[in-house]
Amino acid sequence: MKAGRCPRCERVYFSIDIKVGRKVKCPHCGAQYKFKKKLKLSVSQAEKEAKKRGREVPMEIMYAASECFPFVKSGGLGDAVFSLGQAIKNRDINSSVVIPKYEEIFLHFQNKMTEVDSFIVPVGWREKKCQVEKISYEGIDFYFISNKHYFERQGLYGHLDDAERFTFFSRAVLEMIYHFDLSPDIIHCHDWQTAPISILLNTVYKNDPFYAKLATVFTFHNINYQGIFPKEVLSDILGLNKKYFTPEKLEYFGQINFLKGAVKYADTLVAPSREYARKVKQPEFGKELSSLFSRREEDLYGIVQGVDKKEYNPASDSYIFQNYQRRYADLDKKHSNKIKLQQSLGLPPDRDIPLLVMVSNLEAHKGIDLLLEAIPPLLEEESLQIIILGRGQNEYEQSLKYIGWQNPDKFSANITFNENLARKIYAGGDFYLQPSRSVPCGMSPLIALRYLTVPIIRDVGGLCEEIEEFNEDNPDGFGFVFETFEARKFYQKIKEALRCYQDKKCWSKLIENACSYSYDWQDAADKHLEVYKKTLNKG
């Protein structure tokens, strides 16, 4: 890690890429110049030097996650990590992102990666080689933790050795910081796959002075995914002794719970909505972890995620068939997307038929049971079409395929995940379905609204903070909301939405309301920045 000073803004910065004679770009003001002289400064010296000049060293946040758009993603997590990093960067904060280097990362990105260095990472009794590669993309440094054994395979998750894979990744992040002399103030970890960072930082690395000032923020996007593994993982993978196998620490009904470890050891916890942060403290929702969340109440925050307006913009989205503005006058262009989507999936093209869509993991907590119960009578009674995109539990995949086989002119089941097709579905749909059993925030309905596709959702988790119901009492709403987790209620709400669709006055008002909806990552970034400041002030 080498230091330099920008000739324009005179601010000190650090980079592993600095070489005398090389053209460099200042991360603070963007000035490009030929690097002439290295500064012999440590990070602590740079802080003193900056303060002497009356300047504060900018906060540095490193985001650690198991996926990140645009390199690889399986759902909303990848979007959230990228968008938050971008929004935070706009607040004069140095941000970087680190993820595993999966085989599934798009090849054109892999070809642009530069090899940084390699080192050995201990995983329990094992010593595993770690190769780090890097890309600078849209002003952010992205680091990729590479190991052929762990990550050069199909599928991001669901492998028998996931505990070992993501413990390796988490420990590699901490080792990378040391080997490259990086200086993040906070590692913002996302979901159980990065939970070992907080666990190891407070156990294995606890007495190492290099990490003394490093804090962690842990965001759990969905409490249903906890990373629960056999007790042998404690010593064999994490390298911890039996004193950590207690109900107060990592033990969870005779097993090890990674999420529990992060909830215990992270400096600050973030839920993806205020409502979700409140509910996880209740036994009926947070279940066995509710008491632990209650004990961490002062360190627990709820922040609704934003939508990246630049990325999800129908006026410029290169994935969709035809671009259009978010205004009522452009509905004909949106209908053009609908027609071409129908044709591409083998459905009879019809701009007037209501098109209901869903882009989702096919899991129980997403309410797929309600979907499967409500769809058959709707297909029989109504003139409509339904498009589903996603993958997940095999029983759900097979059931949806069967409905598609029975109703080839009305139903299209696409059992895959394809970002290109997902955008076309958002742009071509009239209604977006999300009948979730439990969902922390619900980014998909908000993305759908960006494309003027009206959400039909269950009021659960963070969705109640985001989607205002449209009805006679609230004519300014922009979605349809039901409360009880029953197929009958979901079915009735869809019927209500379809009646509005057939009523030109009602539908026009609803679309105009959708055009005015706005909540983006700039709002969410301001709230995260406050959390970061409070976290650092603890120490």
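Four nonpolar, two polar and two charged residues make up the lining of the second largest cavity. Here Ala, Val, Leu, Ile, Met, Phe, Trp, Tyr, Cys and Pro count as nonpolar, Asp, Glu, Lys and Arg as charged, and the others, Gly among them, as polar. The model is predicted: local features need pLDDT of at least 70 and side-chain atom pairs pLDDT 80 or more, while totals for chains, interfaces and linings use all residues. Residues are numbered from 1 along each chain as its sequence is written, and side-chain values use heavy atoms, without hydrogens and water.

**Cavities**

The whole structure holds three cavities of 30 Å³ or more. A cavity is a set of points on a 1 Å grid over the protein atoms alone where a 1.4 Å probe fits but cannot get out; lining residues have an atom within 4 Å of a point. A volume is the space filled by probe spheres set on the points.

| Space | Volume | Lining by class |
|---|---|---|
| Largest cavity | about 60 Å³ | seven nonpolar, five polar, no charged |
| Second largest cavity | about 40 Å³ | four nonpolar, two polar, two charged |

Residues around the second largest cavity include Leu331, Asp430 and Trp507. Helix H12 (331-344) gives the most to this lining, with three residues. Helices (H or I, at least four residues) and strands (E, at least two) are DSSP runs, numbered from the N terminus.

Among the residues lining the largest cavity are His190, His221, Trp521 and His528. H2, strand E15 (268-271) and helix H19 (521-538) each give two or more residues to it.

A pocket is an open set of points with protein on both sides within 12 Å along at least five of seven lines. Its lining has 46 residues; Ser74, Gly75, Tyr157, Tyr225 and Asn361 are the closest to the centre. By class, 17 are nonpolar, 20 polar and nine charged.

**Rings**

There are 36 aromatic pairs. Rings of Phe, Tyr and Trp (its six-membered ring) pair if their centres lie within 6.5 Å; planes under 30 degrees apart are stacked, over 60 edge-to-face and the rest tilted. Phe220 and Tyr276 form a tilted pair, 6.3 Å centre to centre with 40° between the planes. Phe220 lies in a loop between strands E11 and E12 and Tyr276 in helix H9, so the pair ties together parts 56 residues apart in sequence.
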